[in-house]
Amino acid sequence: MPLGTPRRGEVLAAVAATAVAAGVLFAPLSLILAAAFHAVSKVSRWRPLWLWALTACGIVWVLAAGPGEAIAGFGHGAAATAGALSHIFTGPAAVARVGAAVYAGGAGQLPLALILGAGAAALAWWVRWMHTDEWDVPAARPGLVHIGRRRRTAASQRRGRVLTRDGACLGVDTVTGGPAALSWRKAGGGVLLTGASEPAVLAPGLRLTHAAIRRRKPVIVVDLAGDTGLPDALAGICASVRAPLCVFGAADGLRYEPRVRPSAEQHAALLAVPWGPRPAPGAGTGVSLDEVVRQRAVALFALAGTGPRDVAEVIAGLVAADVAALYGCLRRDGIAPDGLCWFTECDGVDPVALAGLAAAGSPTGLAPVLATTVPRAAGGLAGRVNAVVIHRLADLGLAGELATLTGTTIVPMARAPAPAGAEYGIHLPSPAEASPAVPFGTMLVPLVPAERLCALGRGDFVLVTGLTAGPARGRRPGGAGVPVRARCRVVSAPVPGRPAPPGGTGLPVVRRSA
C-alpha cells in the first residue's frame, strides 16, 4: 500500500486484525506455528532460508500421508468451525461448541499447517524488512552452513591451497565463509597492497606470487623490503613445480641485462652493483627479462642489500620500465603473455615507471602487484589500480582516501561519524553523481569507514575490486559496481621449503641460448 494513502495505518490494522481472527477460527495451528517461527527468527537472527527446511519437512509429510488425506485433515477443522458459527445465535451452548470446533482435528492439520506457518513467518520477515531502514536491519547470525563453509575454507588454506578456478585465494571472507579470492582478470588492472605492518602487506603478495608460479606464469619479484625469508620461500615454491629461478643480487650470480636503454642515472646505478650488465672475466651469465618471460621462469631482484637505498630504488624503477616495455612490445606484436610482477615496496621508486607498469597490465596479461607501507606512496597508487587489499592502517588521512574506494551508503545524520564532514567532505561524490537519492536528514558515508580501516584486527583485511573502468582506464568513484569484501581474514598457509641442492648444482637457472 503506498505511503501516501489516506488512513493507511487504520486500513493495515483492520486487515491484520481480520487475518488474525480468521487464523484463530479456521487455522489456529498454522497461526501458532507462524508466531513461533517468527519469534525464533527474531531471537536467533537467522536468515529466513532456515524456513525452507520446515517447508520441506511439511511437503515430505504431505506426500507421505497423501495429498488428499492432508487436505481433508486440514479442512476438517475449518468445516467444523464454519458449522459451529452458523449456529452461534441459537444459544449459549452453541458458543461453547465453537471453541471445541476450532481445535477439532488438530493433528490432521499439522502437515499443511507446517507449510503455511513457515510461509506466514517468511511473509512477516519480508514485511518487517520492507518497513525497516537499512541501518536498523540487524545483522544475520552465521548459521551451520556458514560455519561449516568457513571451516572448510580455512582448512583448505592451511593445507597450502592458494589456487582458485580463475585466480588466487587471499584468505577467508568472514561474511560468507567462502574464500576471499582475487581473479587474474581483476588483478590484471593492477593490485595495491597496503597497511601499517610490513609482514601483513607482504603476505597477500606472496600468496599471489605462489598462485602465479603454480600456474607456471612468468613472475618477476623486485624486493625492496628486504624480507629475509622471501628467497627461500620462492626457491621452495619454484622447486615444487620445477620452475626455473633467476636471482639477481649476488656478486657471482646472474647479470641483469635490461631490454630498455637505461638513463645516465640508471646506468650509474647498474655500475654500482656487481651484477650489472658489464662484461668482466668470470662474470655470471647475462639474463634479460624477455628470456624469463619466454621460459616462464621466476626472477627475483634482491635489491635491499645491494648498496645504498637510492641505488636500489633507481634499479627498481629501471626494472619496472623494462617490464612495461617488454609487455607493451609483445602486445603490439600480437602476443598477450600472462605474468605477474610484484614490488614488495614501492616507496622511492620512480612514480612514472610504476604508472607505466600499472598501465601495462591487462585482464589476460600482466598482473602488476604493488605493495607499500608508506601512506604517500599508497595514496599515489590508489588511483591507478583495479584492486586494493587494505590491512590495518595507522594514517587516518590515507584511511579516509581509501575508504571512499569502498563505495557509499546512506546513514542518518545522527549516526554519521563525528568527523565525517571534515574528513570525507572532499572525497565523497556529490548527490548528483550518487545513484541513490539521498533523503532529507541523511548523508552519504563510505561503506567501510576510515575508523574501521584503522581498527582492523591482526590478520584482517578489506578487499576492493573493480576500481578501473573502460579502455581509457579512467578512475571512477566506488559505488554499486565495486565489489567489496569488508571483512576478510588471513589464514596462515605453509610454503614449500627450500630443498637441499643435489650435488651443489642448485636450482635450474635460465641461461642465454647459444
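Is Trp125 buried, partly exposed or exposed? With a relative accessibility of 30%, Trp125 counts as partly exposed. The structure described here is a predicted model. The protein contains 18 helices and 17 strands, and buried residues account for 45% of its 514 residues. Of the contacts between residues at least 6 apart in sequence, 78% join residues at least 24 apart.

**Central sheet**

- Eleven strands form an open sheet with mixed pairing, in the order S2-S1-S17-S14-S11-S3-S10-S9-S4-S8-S5.
- Strand S2 (179-183) and S5 are the edge strands, each of which pairs on one side only.
- From one strand to the next, the twist averages 20°.
- Strands of a sheet pair through backbone hydrogen bonds, in either a parallel or an antiparallel sense.
- Strand S4 (residues 219-223) and strand S9 (residues 339-343) run parallel and are joined by four bridges; Ile220 has Cys341 in S9 as its bridge partner.

**Strand S11 and its neighbours**

- Strand S11 (residues 387-390) is covered on both faces: Ala387 and Val389 are buried on one side, and Val388 and Ile390 are buried on the other.
- S11 pairs with strand S3 (residues 191-194) in the parallel sense, over four bridges, and in this pairing Val191 stands opposite Ala387.
- S11 also pairs with strand S14 (residues 460-464), here running antiparallel and joined by three bridges; Ile390 stands opposite Val462.
- Arg384 is located in the loop between helix H15 (375-381) and S11.
- The relative accessibility of Arg384 is 46%, so this residue counts as partly exposed.
- Arg384 and Leu354 are 30 residues apart along the chain, and their C-alpha atoms are separated by 9.4 Å.

**Nonpolar cores**

- The largest nonpolar core comprises 64 residues, and Phe301, Phe343 and Leu453 have the most contacts inside it.
- Helix H13 (residues 309-332) gives the most to this core, contributing 13 residues.
- Apart from this core lies another of 37 residues, which includes Trp184, Leu234, Trp342 and Cys488.
- Setting aside residues up to four places away in sequence, Phe343 touches Val222, Ala316, Ala320, Val349, Leu354, Leu357, Val369, Leu370 and Ala371.

**Aromatic pairs and a charge over a ring**

- The structure holds six aromatic pairs.
- One of the pairs is formed by Trp125 and Trp129, which are stacked with 6.3 Å from centre to centre and 5° between the planes.
- Trp125 and Trp129 are separated by about one helical turn because they are four residues apart in helix H6 (residues 106-130).
- Trp129, like Trp125, counts as partly exposed; the relative accessibility of Trp129 is 43%.
- Phe248 and Phe301 are also a stacked pair, because their ring centres are 4.6 Å apart and their planes lie at 15°.
- Phe248 belongs to strand S5 (residues 245-248) and Phe301 to strand S8 (residues 298-302), so this pair ties together parts that are 53 residues apart in sequence.
- Phe248 and Phe301 are both buried.
- Phe37, Trp46 and Trp50 are linked into a cluster by ring pairs.
- Lys217 lies over the face of Trp184, at 4.9 Å from the ring centre; Trp184 is among the residues of the 37-residue core.

- Thr344 is placed in the loop between S9 and helix H14 (351-360).
- The relative accessible area of Thr344 is 3%, which means that this residue is buried.
- Leaving aside neighbours within four places in sequence, Thr344 is in contact with Leu202, Val221, Val222, Asp223, Leu224, Ala225, Leu230 and Ala371.
- The C-alpha atoms of Thr344 and Val201 are separated by 8.4 Å, although the two residues are 143 residues apart along the chain.

Conventions: Residues are numbered from 1 along each chain as its sequence is written. This is a predicted model: local features need pLDDT of at least 70, side-chain atom pairs count only at pLDDT 80 or more; totals for chains, interfaces and linings use all residues. Side-chain values use heavy atoms; hydrogens and water are left out. A nonpolar core is a set of buried Ala, Val, Leu, Ile, Met, Phe, Trp, Tyr and Cys residues joined through side-chain atoms within 4.5 Å. Buried means under 20% relative accessible area, exposed over 50%, partly exposed in between (1.4 Å probe, protein chains only). Helices (H or I, at least four residues) and strands (E, at least two) are DSSP runs, numbered from the N terminus. Contact means heavy atoms within 4.5 Å. Rings of Phe, Tyr and Trp (its six-membered ring) pair if their centres lie within 6.5 Å; planes under 30 degrees apart count as stacked, over 60 as edge-to-face and the rest as tilted. A charge sits over a ring if NZ of Lys or CZ of Arg is within 6 Å of the ring centre and within 35 degrees of the ring normal. Two strands pair if DSSP finds at least two bridges between them. Axes are lines fitted to C-alpha atoms, for helices over the stretch in contact, and angles run from 0 to 180 degrees between N-to-C directions.
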